[in-house]
Amino acid sequence: MGRFHRAIGVVIFGGAVLGAALLAAAIVLTSPGARSRPDDGVLFGVWKIVYDTQAPSPRVVLAAFGLALVAAAGVALLERRITNRDRRSDRPDELPLAPKVVMRATRGVYAGPVTVTVLIPAHNEEACIGETIRSLQGQSMAPDRIVVVADNCTDQTPDIARSAGVEVFTSRGNTQKKAGALNQALTEILPGQGDNDLVMVMDADTTLDDGFLEAARRRMEDDRALMSVGGLFYGEEGKGLLGQFQRNEYTRYAREMKRRRGRVFVLTGTASLFRPRGLRVVAGHRGSLLPGVRGDVYDTLALTEDNELTLALKCLGALMISPAPCTVVTEVMPTWRALWAQRLRWQRGALENLGEYGVLPQTFRYWAQQLGIGYGVLALSSYIVLIALMVVSLDSWVWFPFWLGLGVVFSIERVVSVWKGGWRARILSALLFPELFYAMFLNVVYVKGVLDITLGSQARWKHVVVGDDHRKVRVSE
Amino acid sequence: MRVLPLGILLPDSTLDHTWFAVLSAFVAINTIMYTALALAKIAPKIYLSDLVHRRDRRTTNRSIHPAPDD
């Protein structure tokens, strides 16, 4: 374990820079031709425009097109191969959660009907805990047991939970945030759970859509080798333009997950169900096959404990899925500052988890994803620099029909991919540039995350507190 | 006629440098690559495994309820 640690940032971003440098070198070697001079023209007989018919040669267009598609298909195919190999494997020592191993261990045994115990880790969540519990109790197949894991609460969270008729587990001397509190609760609860007594972990600021639990139960009933069902999250309404940016992002992610037929990237901390066997086996392999302390379900050193648990389960061969009906609505960050803190934690956590696990078949997809983001940072930055240079250098506004055409394709993709998000989502996407700005913001977060890891600065959790009026926001550390 | 009063910061000749040609070619190729990916995302996703006969269809009972022959 611990193959990369602080070098992970340099390895990933360095890889992206290397890719970009190779492309630039190839361009220099093929010596691009001089800039063509724009022409004048008249549009609709009245509007005089300056335009430039400059477009790359068909060979270049085809090569770039092919390269992108081959790279994307290659990553997807390799990921499928690795997943299928793990799915069919029968190596109990290396992959103790692989379907064949689990099915052999449970053949002919009926462990009782499926039950659901929900754990809601909560640190001062009085503003939303009531609504979260109500959404659970209102499910078409409500959970059998709800436990609010109150972690160092100084507000009314435990009282609100008790008055709603659910159990409260209070963490004792916990200094390891959410993961530490969940570990304490799971240590107490897991020993009493049979193979079909599922454990669901969900955030206090999340509301389950109706049908989530019914669909998840059915999946778990049909396949006793299935170790986890993850939720698909959508952003809550409100919070203006910033909220819409985040909702669009989540809508696209959910669409992508459906196109992947539910093959999981991350078992989201917002709401995911686990078979106790999966959690027990993970806890038993920490300190050997997996990072962390033996006996802990969650690795308390991970900034993104849900992402880490996903990797842990995948590395042990566990089957998991995010079915389309399992949707949840989660909080969107109300300010740019809060979003910055959230994304820095996600980004840094994802990179640190990768550094911890190293290059494994099961982490291949995540490496490719991080390299892709790194390359995207370079591509978008160079695009913005180019546009800025042209704006400050050209004497007159020049239209480039070829590139405008590509811009239209982008707009269509942006709109199609958020279509389900409604009119506001579609209009914002069609404008293209606001979302480019948002993407650039996330890119800056990415670079900051890489720098922080490389320079070894201390990672800290930030907690966003939303007041009763849902407006007052405090970011505390 | 000038449509917009631009070009106030850098001379027009800035764009004639080789490094600008390299930058614009780099951006051009990236733009085409990302357009290809955008098109792939608009198009419905096709799974080749749907079109061919599947040999690896599940043959054993995986339900939590044991089958009589389990």
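This is a predicted model: local features need pLDDT of at least 70, side-chain atom pairs count only at pLDDT 80 or more; totals for chains, interfaces and linings use all residues.
Me: What makes A:Glu167 and A:Arg145 a salt bridge?
Reply: The cut-off is a side-chain nitrogen of Lys or Arg within 4 Å of a carboxyl oxygen of Asp or Glu. Here the N to O distance is 2.8 Å, so the pair qualifies. A:Glu167 belongs to strand E5 of chain A and A:Arg145 to strand E4 of chain A, 22 residues apart, and the pair links distant parts of the chain.

Me: How many salt bridges does the structure hold over all chains?
Reply: The count is 23.

Me: How do you know that E4(A) and E5(A) pair?
Reply: Pairing asks for at least two bridges between the strands. E4 (residues 145-150) and E5 (residues 167-170) of chain A have 4 bridges, so they count as paired, in the parallel sense. Within this pair, A:Val149 sits opposite A:Phe169.

Me: What pairs with E4(A) over 6 bridges?
Reply: That's strand E3 (residues 115-122) of chain A, running parallel to E4(A). A:Thr117 stands opposite A:Arg145 there.

Me: What is the strand order in the open sheet of 7 strands?
Reply: In chain A the order is E5-E4-E3-E6-E10-E8-E11, with mixed pairing.

Me: What makes E5 and E11 of chain A edge strands?
Reply: Each of them pairs on one side only. From one strand to the next, the twist averages 20°.

Me: Which helix lies across E3, E4, E5 and E6 of chain A?
Reply: Helix H6 (residues 177-189) of chain A does, running at about 145° to E3(A).

Me: Now the sheet of 3 strands: why is its pairing called mixed?
Reply: The order is E7-E12-E9 in chain A. E7 (residues 206-208) and E12 (residues 327-330) run antiparallel, joined by 3 bridges. E9 (residues 232-235) runs parallel to E12(A), with 4 bridges. The edges are E7 and E9 of chain A, and the twist averages 30° from one strand to the next.

Me: What makes A:Trp419, A:Trp423, A:Ile427 and A:Leu431 a nonpolar patch?
Reply: Members need over 30% relative accessible area, and nonpolar side chains are joined within 5 Å. These four form a patch on the surface, so each clears that accessibility cut-off. Together they have about 510 Å² of accessible area. A:Ile427 has its place in helix H14 (residues 423-430) of chain A.

Methods. Residues are numbered from 1 along each chain as its sequence is written. Chains are lettered from A and ligands numbered from 1 in the order in which they are written. Side-chain values use heavy atoms; hydrogens and water are left out. Helices (H or I, at least four residues) and strands (E, at least two) are DSSP runs, numbered from the N terminus. Patches are made of residues with over 30% relative accessible area and no salt bridge: like charges are joined within 9 Å, nonpolar side chains (Val, Leu, Ile, Met, Phe, Trp, Tyr) within 5 Å. Accessible areas come from the Shrake-Rupley method with a 1.4 Å probe; for residues, only the protein chains shown count as cover. Axes are lines fitted to C-alpha atoms, for helices over the stretch in contact, and angles run from 0 to 180 degrees between N-to-C directions. Contact means heavy atoms within 4.5 Å.
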